[in-house]
Amino acid sequence: MSPKITSKSILSALSKVQEPELHKDLVSLNMIRDLEIKNDTVSFTIVLTTPACPLKATIEMAAREAVISVAGVKSVEIKMDANVPVDSKIRGQLQPPARNVIAVASGKGGVGKSTISVNLAVALAIAGGRVGLLDADIYGPNIPMMMGVHEIPEPVKNKLIPAVAFGVKLMSMGFLVKPGQPLIWRGPMLNSAIRQFLSDVEWGELDYLIIDLPPGTGDVPLSLVQALPLSGVIIVTLPQAVSLEDASRGLEMFRTLEVPILGIIENMRGDFFGSGGGEDLARIVKVPFLGAIPMEQSVRISSDTGVPIVASQLNSAAVQSLISIAEQVAARVSVIALEQNNAPKINLA
Ligand SMILES: Nc1ncnc2c1ncn2[C@@H]1O[C@H](COP(=O)(O)OP(=O)(O)OP(=O)(O)O)[C@@H](O)[C@H]1O
Ligand SMILES: [Mg+2]
């Protein structure tokens, strides 16, 4: 007769499986749910901290191996699920509309912030996250075009209703002004526009809100950082020296504002702009390097035609890199949120 399988023996086996990013085991992290033992079959759910976990397959395999080696177990059924932790940082004055808020910034214009924001949002949504995308580039909103949507539904009860495209909720100044109409903002107006995008939009429940910032170190990032807690910011740069100088300026601004830097992305790597600069910068300023995206014509075409490249059928180097970046960002943000939640609470009342 085969030995009796107990929950205790299964949990003890699973407590030897580490979550590689969080450096703790699956049981201590409370990631094992719905454990059931039927005869010689063990089934359970692993609840990760992000549906876009880059190590999902690795964790699943390690858990399977650990359980199958428990005496008596013949088969293991694992369901993968995710519950994105809330970043409970207390800063800013607005209640954040998402569990985690991620800004995409650069020191310089035209480096690919909007392209990356769009693809990051869509990749996280494809992975199963609830994602919002806010176009905070109120002077030159590009998100509607890149996502192929040009209007939002009628407001309901004085709240703006975001458009939905590729599973992502979108809001942009582009929906509120006529095409081609120039926008002139003075400081206080701009400040209130940003606030309204956060408080007067019916975002619903979101795991991630991605914010596409205008270029440079102007008033928008400042307003934003004062308005709500950011989980972190991603800095986009081109591989060449001039862009790097701008990127480090942007990076310093966020450091001064005490916004965590999630990492640096080097965009448009290739023959034209060179390669390696963003990676060097990350090393010098000691922040994570999230990856390089090659210069590819298909990236530009997809932006122009309103179908983000990660949602297309293509599987180019740029697509793979964008997906890997999205997974790393999701993983970093979970780590930050969990660290934050374990930190002593500061009472600002
Ligand atoms: N990896 C890439 N390969 C080819 N073209 C790219 C790539 N990344 C971005 N582009 C193209 O470069 C142009 C600028 O990109 P994008 O608008 O995303 O930059 P931005 O930093 O948001 O610009 P701005 O500062 O004006 O807001 C777009 O036409 C976009 O399609
Ligand atoms: Mg842009």
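I count two strands as paired if DSSP finds at least two bridges between them. Helices (H or I, at least four residues) and strands (E, at least two) are DSSP runs, numbered from the N terminus. This is a predicted model, so I kept to its rules: local features need pLDDT of at least 70, side-chain atom pairs count only at pLDDT 80 or more, and totals for chains, interfaces and linings use all residues. Residues are numbered from 1 along each chain as its sequence is written, chains are lettered from A and ligands numbered from 1 in the order in which they are written, and side-chain values use heavy atoms, leaving out hydrogens and water.

**Sheet.** I found an open sheet of three strands, ordered E3-E4-E5, with mixed pairing. Strand E3 (32–38) and E5 are its edges, each pairing on one side only. E4 and E5 run parallel, joined by eight bridges; Val42 has Val76 in E5 as its bridge partner.

**Helix H2.** Which residues of H2 are buried (under 20% relative accessible area; exposed is over 50%, partly exposed in between; 1.4 Å probe, protein chains only)? I noted Ile59, Ala63, Ala66 and Val67. Down the axis of H2 they fall within an arc of 95° (directions from the helix axis to the C-beta atoms), so they line one face. Ala57, Met61 and Glu65, on the other side of H2, are exposed.

**Cover.** I then checked what covers those buried residues of H2: helix H1 (7–14), strand E1 (18–19), strand E4 (41–48) and strand E5 (75–82) are included.

Key:
Contact = heavy atoms within 4.5 Å.
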